[in-house]
Amino acid sequence: MKIDVLYSKIHRATVTDADLNYEGSVSIDPALLKKAKMFLNQKVDIVNCNNGARFSTYIIEGKKGEVCLNGAAARLVQRGDKVIIIAYAQIDIANAKTHEPTVVFVDDKNKFKEIRKEKKH
């Protein structure tokens, strides 16, 4: 049996822009994608810490420091909002207790600060 678990997240990134006229997705700094072990076109959930909105989209490559919500998702954020970008993976249930997701922390300009492992309970 497989279950969905947290694979990786970028914690409290700052929205740099919201482009309603773009076709859709979230543009993310390539360096952050690499640190978070995320992939272009990967499905992610976005949680807006400012207004509580939670929605799904997919990743496209952005510019340095960029976290831009595009298309319809642009209506759910404002420039300056703090968001959590969450990726999940399916793993065998037998591996769930030992799985360690990657958590990337950034500063207010989306510059990498540190990687931490999620605490196990």
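Guide: Start at Ile10. Leaving aside its neighbours within four places in sequence, Ile10 is in contact with Ile28, Leu32, Ala36, Met38, Val83, Ile84, Ile85, Val104 and Val106. Keep in mind that this is a predicted model.

Now place Ile10 in its surroundings. The largest nonpolar core has 23 residues, and Ile10, Met38 and Ile85 touch the most other members. At least two residues of this core come from each of these elements: strand S1 (2-14), strand S3 (25-28), helix H1 (30-36), strand S4 (43-48), strand S5 (54-61), strand S6 (67-70), strand S7 (82-92) and strand S8 (102-106). As a general point, nonpolar side chains in soluble globular proteins tend to be buried together.

Next, the sheet. Nine strands form an open sheet with mixed pairing, in the order S2-S6-S3-S5-S4-S7-S1-S8-S9. Strand S2 (17-19) and strand S9 (112-117) are the edges; each has a single partner strand, so one side of each has no neighbour in the sheet. On average, neighbouring strands of this sheet are turned by 30 degrees against each other, direction ignored.

S8 and S9 pair in the antiparallel sense, over five bridges. Val106 has Phe112 of S9 as its bridge partner. The ring of Phe112 has a charged residue over its face: Lys35, at 4.4 Å from the ring centre. Phe105 has one as well. There, Arg116 lies over the face of the ring, at 3.8 Å from its centre. What does a search of the whole structure find in the way of aromatic pairs? It finds zero.

Lys37 sits in the loop between H1 and S4. Its phi is positive, about 60 degrees, although Lys37 is not a glycine. Asn41 lies in the loop between H1 and S4. Asn41 is not a glycine either, yet has a positive phi of about 75 degrees. Why note this? Because most residues other than glycine have a negative phi. Asn41 is at 59%, so it counts as exposed.

Conventions:
Residues numbered from 1 in each chain as written. Predicted model: local features only at pLDDT ≥ 70, side-chain atom pairs only at ≥ 80, totals over all residues. Heavy atoms only, no water. Phe/Tyr/Trp six-rings, centres within 6.5 Å; stacked < 30°, edge-to-face > 60°. Lys NZ or Arg CZ within 6 Å of the ring centre and 35° of its normal. Core = buried A, V, L, I, M, F, W, Y, C linked by side-chain atoms within 4.5 Å. Buried < 20%, exposed > 50% of the residue type's maximum accessible area, 1.4 Å probe, protein only. Helix = DSSP H or I, 4+ residues; strand = E, 2+ residues; numbered from the N terminus. Contact = heavy atoms within 4.5 Å. Pairing = 2+ DSSP bridges. Axes fitted to C-alpha atoms, helices over the stretch in contact; angles between N-to-C directions.
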